[in-house]
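Biologist: I'm new to reading structures. Could you pick one part of this one, take a close look at it with me, and then show me what sits around it?

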Amino acid sequence: MGNGFVSCSFLLVLLITLAPGDVAGGGGNVLRLPSMDGKGDAGESAASNSGMSMGMGMGMGMGMGMGMEVEGKEPDHKVFFFMKDIQVGKTIPVSFPHLKESDPARNLPRKTRTSLPFSLKALPSILRFFSIPAGSTQALAMEKTLTTCEIERPGEYRACITSVDSLIDFVGGIFGPDVRFEILRTSVATKTSPVLQNYTVLEVKEKTSTQSLPCHNMAYPYAVFYCHILVDTTNRMFKVTLRGENGAVVEAVLVCHMDTSKWNRNFYAFRQLGVERGITEACHFVPAYDMAVLLVPK
């Protein structure tokens with residue numbers, strides 16, 4: 001696949017070492033999906049518009065990774081779980097979108113492919129370059145992306161990443177040039193899989209890391225990821241193997257936020273879990289269009 005990525009059949013992992021000087025049911029084990037009465041899939045597949053990623057990470061993913069300042073639209077299916085729900089043999093309803101593994105909006109190039117400016121101020125010229133009408137859905141989504149990338153957020157290191165090199169620069173600039181990290185991604189669902197179905201947990205492996213960075217896919221004509229590190233947060237990361245009712249196997253990345261005391265008290269996660277903020281952990285799968293960057297212990 002190139003770009004310095006190592007592609008496994010289900011999980012994409014990138015391990016990078018920066019050289020000095022570099023910059024750059026039953027039995028209580030089942031949470032069942034409501035019956036579909038044979039009427040087909042329970043959700044819509046993720047779609048692109050004119051080759052553009054239309055902000056797949058701007059909703060649930062961005063809210064889950066940015067401190068839950070904004071409640072956002074509540075999905076019509078369960079997104080958040082307790083750690084006890086994600087155990088071998090248990091069954092849970094999960095939504096995995098249909099995406100192409102080679103979707104350019106999903107994968108970072110080694111180097112940024114364009115010399116175009118990346119700023120809100122330059123948006124009119126960017127729209128003209130891509131022949132996107134001002135005021136269109138695409139233009140408004142791009143404006144939201146650029147605004148998000150330029151907003152300063154107290155207590156957060158963040159950058160909008162457009163290439164592997166820019167990711168190296170960002171991580172190395174914070175943790176030093178000798179830092180080692182890997183990228184984890186949830187595998188995409190096959191076209192024959194329902195978007196939403198019951199999955200049985202086959203295996204759970206915790207990833208050891210000194211720090212993790214969520215990177216959210218943003219709406220733009222080429223790959224842009226909002227990567228950020230929240231100060232004073234405690235997360236646990238897992239690789240989870242699941243098998244769907246139709247037999248499809250997914251390798252998923254699960255993140256458990258261990259401290260939710262600073263989240264928006266009205267965030268839908270607490271309604272789904274039936275708890276108040278700060279009481280317990282909140283776990284969710286990393287969407288296939290996002291990625292998680294983990295620092296690797298030396």
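Modeller: Let's start where helix α4 stops: the helix is followed by Gly 176, whose phi is positive, near 100 degrees. Keep in mind as we go that this is a predicted model.

Now step back into the helix itself. Helix α4 covers residues 164-175, which makes twelve residues. From its first C-alpha to its last it reaches 16 Å, close to the 16 Å expected at 1.5 Å a residue. Here's a handy bit of background: an α-helix has 3.6 residues a turn, so residues three or four places apart point the same way. With that in mind, have a look at what is tucked away in α4. Its buried residues are Val 164, Asp 165, Ser 166, Leu 167, Ile 168, Phe 170, Val 171 and Gly 172.

Let's zoom in on one of them. Ile 168 lies in helix α4. Is Ile 168 buried or exposed? Its relative accessibility is 6%, and the cut-off for buried is under 20%, so Ile 168 counts as buried.

The buried residues here include Gln 138, Ala 139, Ala 141 and Met 142. Further along, Thr 145, Leu 146, Thr 148 and Cys 149 are buried in α3 too.

That cysteine brings us to the disulfides. How many does the structure hold? There are three. One joins Cys 149 to Cys 160, with the sulfurs 1.8 Å apart. This pair links distant parts of the chain, eleven residues apart: Cys 149 sits in helix α3 (residues 137-150), and Cys 160 sits in strand β4 (residues 156-161). Cys 149 and Cys 160 are both buried. The torsion about their S-S bond is about -90 degrees, so this disulfide is left-handed.

Next comes the disulfide between Cys 215 and Cys 227, with 2.0 Å from S to S. With 120 degrees about the S-S bond, the link of Cys 215 and Cys 227 is right-handed. Here, too, distant parts of the chain are linked, twelve residues apart: Cys 215 belongs to strand β7 (residues 212-217) and Cys 227 to strand β8 (residues 225-230). Cys 215 is buried, and so is Cys 227.

Then there's the disulfide that joins Cys 256 to Cys 283, S to S 2.0 Å. Its torsion about the S-S bond is about 110 degrees, so it is right-handed. Cys 256 lies in strand β10 (residues 249-257) and Cys 283 in strand β11 (residues 282-285), so this pair ties together parts that are 27 residues apart in sequence. Cys 256 is buried, with a relative accessible area of 1%, and Cys 283 is buried as well, at 0%. Count the bonded cysteines along the chain and the disulfides follow the pattern 1-2, 3-4, 5-6.

The structure holds 13 aromatic pairs. One of them is Phe 267 with Tyr 268, a tilted pair with ring centres 4.5 Å apart and 35 degrees between the planes. Phe 267 counts as buried at 1% relative accessibility, and Tyr 268 counts as buried at 1% as well. These two belong to one aromatic cluster together with Phe 80, Trp 263 and Phe 270. Elsewhere, check out Phe 82: Lys 84 lies over the face of that ring, at 5.5 Å from the ring centre.

Finally, zoom all the way out. The secondary structure of the protein chain comes to five helices and twelve strands. Of its 298 residues, 49% are buried.

Terms used:
Residues numbered from 1 in each chain as written. Predicted model: local features only at pLDDT ≥ 70, side-chain atom pairs only at ≥ 80, totals over all residues. Heavy atoms only, no water. Phe/Tyr/Trp six-rings, centres within 6.5 Å; stacked < 30°, edge-to-face > 60°. Buried < 20%, exposed > 50% of the residue type's maximum accessible area, 1.4 Å probe, protein only. Lys NZ or Arg CZ within 6 Å of the ring centre and 35° of its normal. Disulfide = S-S within 2.5 Å. Helix = DSSP H or I, 4+ residues; strand = E, 2+ residues; numbered from the N terminus. Expected span 1.5 Å × (residues − 1).
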